Amino acid sequence: MKKQSKKNCGVKNRFIDFHDNLVLMEDRSVYAIYGIPPAMVSQIDEEGRTTLKDYTASALNKLTLNKNFELYRYAMDLNLFPMFETLSKDFSEDTQDLAIEICNTVLSNLEDSFEYQFDYKYYLVVPLRTAKVSSDLKASFDAGLTDLKEAVSQFFSKTLDYPVNWYEEFETIAQDMSLNLSYLSPVRLKVAETIFVALHPYLRGLTFDKDFEVNQVKNSIINFERPIDVEAGHVISQNAHGKSYSENLPVVYFPKNIAHLHFLELLNNFTFPIDVSVKAYFEPTKGSLSITGQNNRASKRFKNTIIEADDADSGQKNSVMEAKYLSDDLKKAVDAKQNIISYFFVLTPFSKDLEELERRVNQLMEFCAQYQIELGVARTQQASLFFENFPCQDKVTGHKNYRQVSTVETFCEHLFFVDTRLGERVGFLLGRLDQQIASWRGEIQSAIDSSNNLVFTNPFLANKQKVKDKVTNNLHFGIVGETGGGKSFLAKLLFIYCSLIKSRVLYIDPKAEMRKQFEKVRENYLKQKIFPEVVNYINSINFVTLDPNDSKNAGVLDPFNFCAKPADCADLAESMVAQLINSENNENLDFFASFKPAIDLFIEKRNKGERVGMRSVFRHLTKDPDESVAKTANYLLAMSNDSMLSLSFSEGSNDSVKLDSRITVVEIKGLDLPNEGMAPTRAQKKSLVVMYALGYFCIEFGSKDKKETIEFFDEAWFFKTTPVGRQVLKRMKRVGRSENNALGLITQSVKDFESEDDDTSFGKIFAFTTPNKLDETLNFMRVPVTKYSKAWFKNCTMGQCIALDIFGKTGRMSVECPYDGLFPLLETVQSELVSTDNRI
């Protein structure tokens, strides 16, 4: 078929000049283009959606004097390479080989999986109307230049002139417009961004250099024009790097009731880019040509048509009745003083491959048909649709079949300016946002493959200044869920990511699993001579095993060995002893009255260079003149011979755990922790004493200096089992922002993150499904508890969680390990049995 070139379309662009977010057009009209930051509203937050729609309607209703407006959702290139380049500046030198390999793998995998990596940006275009137009601006245009070809010809020959300061009288108007649109938090674009937005229809789908394209237009407006062709109903854009194909699909029909349709949100389900262009016009409500006059004439026609349809038992009756109901609704809206708009809604999918574009168009048609939305193919109108849907081109001609009419409030049911992003903008790939409410039934890879909405993580971003839109400065994070949901997988992935950047990282592993697993993977990789960067990474970790049966470990967690501050030493010593004896018993009260001075005495001895420990204190108190104190001291001295307690109670002969390495994993053998909600047994109290010491060990680790530190504490739920444990946890949480310290708790319930006497918050939470704790978890995550939100959470498959980020945004995330070499380090259950593979 013969190509229809742009020069045969009969339509031209009319841009003359740009200044900041202002655009001067050929007919001397001036437009303002505003970037609209989208709001993150999860798919189950009905209250949040309603608020967003109300805000949008309130803002758009203030544009009646401007007579029309334009809305655009453009798929902008998401170039991850500069992001990873920025991240690489924080890579630690000893592990950077693995960090670089992970980032390169992410870039390669995404390039293979998706034609485009994109991010949707929203723009609102408003014509600026003034009572007085500058006489200089008027004089600079010939009133007789009504023919577009003549105007362009004169412009290109430099005979068309305009004052260089044309924008000055519109600056105040544009600023006032920002205030009118304050519900939407509009952003006045800089001139480079304004030019780029205006150029976007020419560039969609192409490979290009943004600065190069913008600078051409800055140099001369003549360079704005780009070659396009139309062939077989497709628009073909091209440059030196190749071609791109697009198709403009105008909406012919929306269903009568679009309440809660949320069309823009539905379009987010597609992994390929779909631009959206909307031209909207406020309809007059008075006069013969007004919407009221049109409606009255239509009502008369409907009456006759309905009678004829009844008489002939016509199949048209349903469609006629629906049209009549719509007409009646509009009449009620006018009577209620609501603003009525007519608008044109165009979807534009694109691809570098023509067959792929046709597949996408077909997929989009089938999808819209499910919601009774009719799209026009418009094969013969592609050229005019292409040019008329440029920003600031407010004349839509010859497309009356695509005209939609509604109130502004109904129009906003499409849910514009909604964001589906989650997580930080610079960081390691952690997973992908899942837009589905239903369950993936264990197919986590299918959930990952179905989404190109990437979630990145950066452990220290919450503590940095000038991070736009963040709602917390707290670096602490929590991972919560029952056994088998995927929290250990995520915890280890986060640990690896945190240890790749310039920071000191400590992982407390009460289950003693990581060392064995990591060393097994290292031996396997060495034998196969694969993943050398992973082998080197494992070699950089200082694995510390605290074995109470090894005399070399005696006292490594003794407060006198590692608590530099006297107050911390005394507090921990008292907490450990209080766990072993009843502090409310009268005899024990006498003991604590003598115990505190004794602690101070031995702190002084330590400061003078003596080797002392908790057993030194107990031995001293056995000679106390108070018989009950001496009795209790003898009891504690005898008990401290226990192998588990020997880690924390000693004579001070051994040094504490050395943390000279940047990355340390501490595991404890033989721990016996109580189950959640159960009172600890005598043996379990001894394990709790060791865990309290580890808690203070984290405090010492995080507060040693102001450099970035991170502690991961697995099985952290045990802190909430006793009053003493709750106090230890409270102290740990308070070592945070001012010390550049992040604490990560891996536990079973969100209740472990909060207490009545402690308001320290967690910046990020990752919640895996716990069926009997749905309500309390959703409440903690600031998600309204409804049947939909409960289903959304409950239907998380293994490897999925609900994530709350530092921007206050919540979404369902599929955790993803992007690098094969890491996967064996993260698996918690390994089996070589063939029959256990559920895929067979």
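Modeller: Start with Lys210. Lys210 is partly exposed, at 34% relative accessible area. The classes are buried for under 20% relative accessible area, exposed for over 50%, and partly exposed in between, with a 1.4 Å probe and protein chains only. First, the ground rules. The model is predicted, so local features need pLDDT of at least 70 and side-chain atom pairs count only at pLDDT 80 or more, while totals for chains, interfaces and linings use all residues. Residues are numbered from 1 along each chain as its sequence is written, and side-chain values use heavy atoms, with hydrogens and water left out.

Lys210 has a partner. Glu193 and Lys210 form a salt bridge, with their closest N and O atoms 2.9 Å apart. Glu193 sits in helix α7 (residues 191–203) and Lys210 in helix α8 (residues 210–219), so the pair ties together parts 17 residues apart in sequence. Helices are DSSP runs of H or I with at least four residues, strands are E runs of at least two, and numbering starts at the N terminus. Glu193 is partly exposed too, at 22%. A salt bridge here means a side-chain nitrogen of Lys or Arg within 4 Å of a carboxyl oxygen of Asp or Glu. In general, side chains of opposite charge can pair when their charged atoms come close. The whole structure holds 35 salt bridges.

Next, a pair that spans the chain. Asp94 and Arg662 meet in a salt bridge at 3.1 Å, N to O. Asp94 lies in the loop between α2 (80–88) and α3 (96–113), Arg662 in the loop between α23 (627–639) and β23 (663–668), and the two are 568 residues apart.

Then a network. Salt bridges link Asp119, Lys121, Asp419, Arg421 and Arg425. Within it, Lys121 pairs with Asp119, their closest N and O atoms being 3.9 Å apart. Lys121 is partly exposed at 35%. Asp119 is buried at 11%.

Now the nonpolar side. A nonpolar core is a set of buried Ala, Val, Leu, Ile, Met, Phe, Trp, Tyr and Cys residues joined through side-chain atoms within 4.5 Å. The largest has 83 residues, and Phe595, Met614 and Phe713 touch the most other members. Helix α24 (residues 682–703) gives the most to this core, 12 residues. Leaving out residues up to four places away in sequence, Met614 touches residues including Pro559, Phe560, Met576, Val577, Phe595 and Phe649. A second, separate core of 69 residues includes Leu429, Leu475, Tyr537 and Ile663.

The axes of α17 (residues 514–528) and α18 (residues 532–539) come within 9 Å and cross at roughly 145 degrees. Axes are lines fitted to C-alpha atoms, for helices over the stretch in contact, with angles from 0 to 180 degrees between N-to-C directions. Contact means heavy atoms within 4.5 Å. From α17, Phe518, Val521, Arg522, Tyr525 and Leu526 take part; from α18, Val534, Val535, Tyr537, Ile538 and Asn539.

The protein has 28 helices and 28 strands. Of its 840 residues, 56% count as buried.
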